[in-house]
Amino acid sequence: MATSEKIIALSELPAWRSRMRAENRRVVVTNGVFDLMHRGHATYLEQAAALGDCLLVLVNDDASVTALKGPSRPIVGQNDRAAMVAALECVGAVSVFHGPVAADALRAAAPDIYVKGGDYTVDSLNRDEFAALQACGAQIKILPLVPGCSTSNIVKKIQTPQTLFGNTGKAATLDERLAPIFGRRSVREFLPRAVEQREIAALLEAAMAAPSARAAYPAEFIVLDDPDVRKGIAEFLPNGGFLANAPLGFVVCGDLSRACHGELSYMIQDCSACVENLLIAAHLLGLGACWLGVHPNAARVENIRKFFRLPENIIPVSAVAVGWPSKNPPPRTSYNADQVHLNAW
Ligand SMILES: Cc1cc2nc3c(=O)[nH]c(=O)nc-3n(C[C@H](O)[C@H](O)[C@H](O)COP(=O)(O)O)c2cc1C
């Protein structure tokens with residue numbers, strides 16, 4: 001039978017039922033949403049069909065799916081969902097029903113056997129539907145669902161930000177409007193050219209423009225324009241030896257006594273925001289820079305503390321090497337859709 005011929009208007013159900021009765025066919029009925037058909041649906045419907053001679057599937061209309069599953073559902077409209085169900089060989093007829101419960105449609109369909117899937121029990125069936133089934137003497141069968149197959153799982157899989165936000169993953173869009181963000185790369189080799197006072201002032205001002213918890217602004221900046229000082233600090237940084245060859249450097253410290261609630265974590269976060277601002281500002285000025293890790297390495301913190309004879313409350317957090325880049329690493333995205341979670345973990 002053609003798929004379209006299997007789709008029956010609710011008003012035609014009683015006539016269809018009479019025909020089935022006249023043909024002496026045992027009618028099996030089930031109802032459901034069938035949004036994004038998957039193997040679980042096919043297996044379940046095949047098992048249901050095997051219980052009688054003709055399987056009628058009552059498909060929820062779109063409004064009831066939205067009411068049951070939320071505003072993002074259904075993904076596939078009722079006519080298409082009905083057509084997909086009807087296209088299965090094991091399905092004899094399909095009818096779209098209205099409202100959250102199928103009681104009226106069940107009364108019209110008068111099943112010999114009613115099938116429900118999943119963790120339902122006879123007791124947990126909707127009471128109106130149960131009454132309709134009892135009235136026509138239907139036998140009720142609960143079939144197990146195929147584990148791991150669910151429309152909700154498919155939706156979770158395909159509704160990644162990659163598809164939702166049009167980002168194509170690693171080969172990402174590098175949106176031109178955000179060029180300074182993607183263009184900021186760690187620069188570790190510099191031209192032998194001084195960084196002028198004007199640039200230094202601009203970098204400091206940019207760093208201090210960073211957000212700060214409770215506007216506490218606990219960051220302090222030690223400017224390293226003396227080559228000997230840069231060399232001295234570089235010796236404490238096993239991964240930052242190139243600071244000695246950079247024309248400029250900074251040590252960013254935090255004043256714990258000024259941090260939000262006196263919390264080390266807030267202080268580190270505030271200082272880190274300053275460092276990131278400084279790095280982006282350097283890139284915007286045509287300079288290159290690299291973040292050099294200090295905190296929480298105890299030896300680096302202690303050595304820098306001693307070197308500058310820092311007061312007890314001043315904690316070195318990071319260093320930064322700055323200069324005119326001898327080569328510019330290309331803009332890059334690190335976008336990874338696997339690290340993005342949409343409204344849920
Ligand atoms: C907390 C922190 C500490 C870092 N420490 C160092 C360091 O000691 N030496 C270094 O060469 N790069 C350091 N980096 C830079 C990272 O290696 C760099 O950001 C990362 O490899 C990504 O490359 P990109 O900055 O070019 O995007 C540090 C970055 C951060 C955020």
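## Ile181 and helix 10

Ile181 sits in helix 10, which spans residues 179–183; helices here are DSSP runs of H or I with at least four residues, strands are E runs of at least two, and both are numbered from the N terminus. With a relative accessible area of 46%, Ile181 is partly exposed. That label covers the range between buried (under 20% relative accessible area) and exposed (over 50%), using a 1.4 Å probe and protein chains only. Ile181 and His283 are 102 residues apart in sequence, yet their C-alpha atoms are 8.9 Å apart in space.

A word on the model: it is predicted, so local features need pLDDT of at least 70 and side-chain atom pairs count only at pLDDT 80 or more, while totals for chains, interfaces and linings use all residues. Residues are numbered from 1 along each chain as its sequence is written, and side-chain values use heavy atoms, with hydrogens and water left out.

## Two domains

The domain assignment gives domain 1 as 3–158 and domain 2 as 186–323; such bounds come from an automatic or database assignment. Taken over C-alpha atoms, the centres of domain 1 and domain 2 are separated by 66 Å.

## Around the ligand

Which residues surround the ligand? They are Arg184, Arg185, Ser186, Arg188, Asn239, Phe242, Cys290, Trp291, Leu292, Gly293 and Arg332, where a residue counts as near if one of its heavy atoms lies within 4 Å. By class, this shell has 4 nonpolar, 3 polar and 4 charged residues. In this scheme, Ala, Val, Leu, Ile, Met, Phe, Trp, Tyr, Cys and Pro are nonpolar, Asp, Glu, Lys and Arg are charged, and the others, Gly among them, are polar.

Some polar contacts (pairs of N or O atoms within 3.5 Å; within protein, one atom must be able to donate a hydrogen and the other to accept it, and residues adjacent in sequence count only if both atoms are side-chain atoms) deserve a look. Arg184 places a polar side-chain atom 3.0 Å from an oxygen atom of the ligand. Trp291 has a polar backbone atom 3.2 Å from a ligand nitrogen, and a backbone N or O atom of Gly293 lies 3.0 Å from a nitrogen atom of the ligand. On its own the ligand has 620 Å² of accessible area, and the protein covers 61% of it; these areas come from the Shrake-Rupley method with a 1.4 Å probe, and for residues only the protein chains shown count as cover.

## The two sides of helix 3

Helix 3 runs over residues 39–49, and its Gly40, His41, Tyr44, Leu45, Ala48 and Ala49 are buried. These residues lie on the same side of helix 3 because they cover an arc of only 155° around the axis, judged by the directions from the helix axis to the C-beta atoms. On the other side of helix 3, Arg39 and Glu46 are exposed.

Arg214 is exposed, at 68% relative accessible area, whereas Tyr217 is partly exposed, at 44%.

Pro296 belongs to the loop between strand 8 (288–293) and helix 14 (298–308), and the peptide bond from His295 to Pro296 is cis, with omega near 10°. In helix 14 you will find Arg305, which is buried at 14% relative accessible area. The Arg305 side chain reaches the backbone oxygen of Pro311 at 3.4 Å.
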